[in-house]
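Please open your viewer, get your selection tool ready, and follow along stop by stop.

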Amino acid sequence: MIRLGCIADDFTGATDLANNLVRAGMRVAQTIGVPQAPVEDVDAVVVALKSRTAPATEAVAQALQAARWLCAQGAAQIYFKVCSTFDSTPAGNIGPVAEALMELLGARMVPVTPAFPENARTVYQGHLFVGEQLLSDSSMRQHPLTPMQDSSLVRVLQAQLDARTGRRVGLVSHVVVAQGAPTVRARLAALEAQGAGFAVLDAIDNADLLVLAEAVRDAPLLVAGSGLAIGLPRLLGLQPNALAAQLPVARGARAIVSGSCSAASNAQVTAFKAAGGAAYALDPLRGDGAHLAEQALAWAIPRLGHSPVLVYATAEPAAVREVQSRLGAERAGALLEDVLATVAAGLVRAGVGQLIVAGGETSGACVQALGIAQLRIGAQIDPGVPWCYAESARLHIALKSGNFGGVDFFTRAFDALSTAAGDGG
Ligand code: ADP
């Protein structure tokens, strides 16, 4: 019987959440999509979906299927993991998925918070900050698929709800959180009595998240970034435990594929190249997908070994706009995800045993192309990004959400892996 059932709307988000649960002492299995077979004996299962930018009806159907499966495994609480920058569009998918799950679970008040202070995502008066900037002033305003141009989460979520249900979004502000869990619970009950179905919760540090976790321990449904998870295992009597994060020794050659155009990924690609790393830029305007992938593999495979090779579509906002104006945003995104997935699969066939993928959507495409159904979660490299191990592919893989990771992530991540002596080509 599992205790906590989680549904993540993208693959990097799923490992980010699993990472926080593992660090706090939970045994966690992450599955790619709804599992066909039973999972091992764990405290929590994180079902990774690739639904963030899918049509809303598809995202809803996938989430409902995952929730039904998790409930059948015994989950008493469902955690819908969304991006810490609340990535979504006016059409969804956070609102539609949350409302559908709410109805399935019979939840009447759903707490919502993407706060992840360790990664500089904080929520104050319902406004989301990325570091010192409002979300709408941050680089997220230029995301290729989900540009975030409003920092008010109450407003953003309200706009995504089905107007016919009349559900409203309330706020539990920091002054309430500071008074502790019972006061937060009372405020949630008052909002519910006033007709709200959702409440955005302020949190500016980990102490706030611990208060919130305690306050919402009986809620059937949570909608949150990975931050809120740090407080859940202790409520079940679990303690941090290093063994929970142990992975097999790494083998094989090292590679990175990057399809994220975030400010952090751009800086990481630049730093990797500046340090002399071997890097190949994909140009989506030069040829069809099959041709682009073939050329990238022809470049990368002879270079495989202990030093990582990087294949990337990562580009600055002006270059992304140029590509999007020629191909359309969706087509460009899908084309590059396909190419990078083909490249990732080709690299693993050619002997890569340690792979970093940068970008949430990109990670989804790569994991699917690699035929990975389940991941074990290892030690954290940087906040929100652990190494994972895919038994079926004998592959160590790190799925890096766009804006996560320090500037030297692409080299430091490999240093953090314990490898078999003399291995790596
Ligand atoms: P992040 O985690 O930063 O959001 P994602 O992989 O989720 O990264 O999203 C980035 C999207 O941008 C993907 O669909 C990717 O294919 C697309 N993309 C990558 N490079 C380019 C480019 N040069 N031009 C246009 N779109 C791009």
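Before the first stop, a word on residue classes: Ala, Val, Leu, Ile, Met, Phe, Trp, Tyr, Cys and Pro count as nonpolar, Asp, Glu, Lys and Arg as charged, and the others, Gly among them, as polar. You are looking at a predicted model, where local features need pLDDT of at least 70 and side-chain atom pairs count only at pLDDT 80 or more, while totals for chains, interfaces and linings use all residues. Residues are numbered from 1 along each chain as its sequence is written, and side-chain values use heavy atoms, with hydrogens and water left out.

**Stop 1: the second largest pocket**

Select Thr53, Ala54, Leu145, Glu330 and Glu361: of the 16 residues that line the second largest pocket, these are the closest to its centre. A pocket here is found on a 1 Å grid over the protein atoms alone, as an open set of points where a 1.4 Å probe fits, with protein on both sides within 12 Å along at least five of seven lines; lining residues have an atom within 4 Å of a point. Its volume is about 340 Å³, which is the space filled by probe spheres set on the points, with grid points joined across faces, edges and corners. The lining has 6 nonpolar, 5 polar and 5 charged residues.

Now colour α12, which gives the most to this lining, with 5 residues. Helices are DSSP runs (H or I, at least four residues), numbered from the N terminus. Next, colour domain 1 (4-241) and domain 2 (246-420): the second largest pocket lies between them, because both give residues to its lining. These bounds come from an automatic or database domain assignment.

**Stop 2: the largest pocket**

Select His143, Pro144, Gly259, Ser260 and Cys261, which lie nearest the centre of the largest pocket among its 43 lining residues. This pocket has a volume of about 610 Å³. Its lining divides into 19 nonpolar, 18 polar and 6 charged residues.

The largest share, 6 residues, comes from α12. Domain 1 and domain 2 both contribute to the lining, so the largest pocket also lies between them.

**Stop 3: the cysteines**

How many disulfides does the structure hold? It holds 0, taking a disulfide as a pair of cysteine sulfur atoms within 2.5 Å. Select Cys6: the nearest cysteine sulfur, that of Cys71, is 12 Å away. Cys6 counts as buried (under 20% relative accessible area, with a 1.4 Å probe and protein chains only), at 0%.

Finish at Cys83, where the nearest cysteine sulfur, that of Cys261, is 15 Å away. Cys83 is buried, with a relative accessible area of 8%.

Key
Buried < 20%, exposed > 50% of the residue type's maximum accessible area, 1.4 Å probe, protein only. Helix = DSSP H or I, 4+ residues; strand = E, 2+ residues; numbered from the N terminus.
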